[in-house]
Amino acid sequence: MRKSSMVVLASGALAATFFFVSNQLAHRGEEHGTVARGKAIAEQTCLRCHNKFAGDPHPDPALTTPPPLASFGQRWPLENLEEALAEGITVSHDQLTMPEFSFTPETIADLLAYLGDLTKCADKQ
């Protein structure tokens with residue numbers, strides 16, 4: 001009786017561990033953001049003024065100083081931008097104040113995933 005109880009207990013613990021790990025892996029992209037959703041957010045917000053990579057033409061020829069998005073990860077640890085995105089970045093480029101955007105923790109994670117992907121691409125160039 002004692003041996004069978006130990007087998008049942010061990011099997012239950014193994015099943016619970018398997019469930020926990022598989023659940024974490026299934027939702028891993030959501031917790032860390034996705035590049036595709038981050039790209040969509042950047043296209044709606046950031047890429048109206050910023051270019052993707054150094055040397056790319058600026059979306060608005062009147063603006064010349066907004067840094068390329070790919071350079072963000074080269075200038076700062078991207079996780080440092082999390083708080084600034086949550087609180088609202090107040091920066092000016094070419095005497096224009098950056099628009100205020102409202103980001104949720106999920107959209108911030110997505111945007112940071114995209115910026116990280118751009119940084120990797122820029123580092124390879």
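W76 counts as partly exposed because its relative accessibility is 37%, where partly exposed lies between buried (under 20% relative accessible area) and exposed (over 50%), with a 1.4 Å probe and protein chains only. F72, at 13% relative accessibility, counts as buried. This is a predicted model, in which local features need pLDDT of at least 70 and side-chain atom pairs count only at pLDDT 80 or more, while totals for chains, interfaces and linings use all residues. Residues are numbered from 1 along each chain as its sequence is written, and side-chain values use heavy atoms, with hydrogens and water left out.

The structure holds 2 aromatic pairs; rings of Phe, Tyr and Trp (its six-membered ring) pair if their centres lie within 6.5 Å, and planes under 30 degrees apart count as stacked, over 60 as edge-to-face and the rest as tilted. F72 and W76 are edge-to-face because their planes stand at 75°, with the ring centres 5.5 Å apart. F101 and F103 form a tilted pair, 6.0 Å centre to centre with 40° between the planes. F101 is partly exposed at a relative accessible area of 22%, whereas F103 is buried at 14%.

F101 and F103 also belong to the lining of the largest cavity, together with L85, G88, I89, M98, P99 and E100. That lining comprises 6 nonpolar residues, 1 polar and 1 charged, where Ala, Val, Leu, Ile, Met, Phe, Trp, Tyr, Cys and Pro count as nonpolar, Asp, Glu, Lys and Arg as charged, and the others, Gly among them, as polar.

Methods: On a 1 Å grid over the protein atoms alone, a cavity is a set of points where a 1.4 Å probe fits but cannot get out, and a pocket is an open set with protein on both sides within 12 Å along at least five of seven lines; lining residues have an atom within 4 Å of a point.
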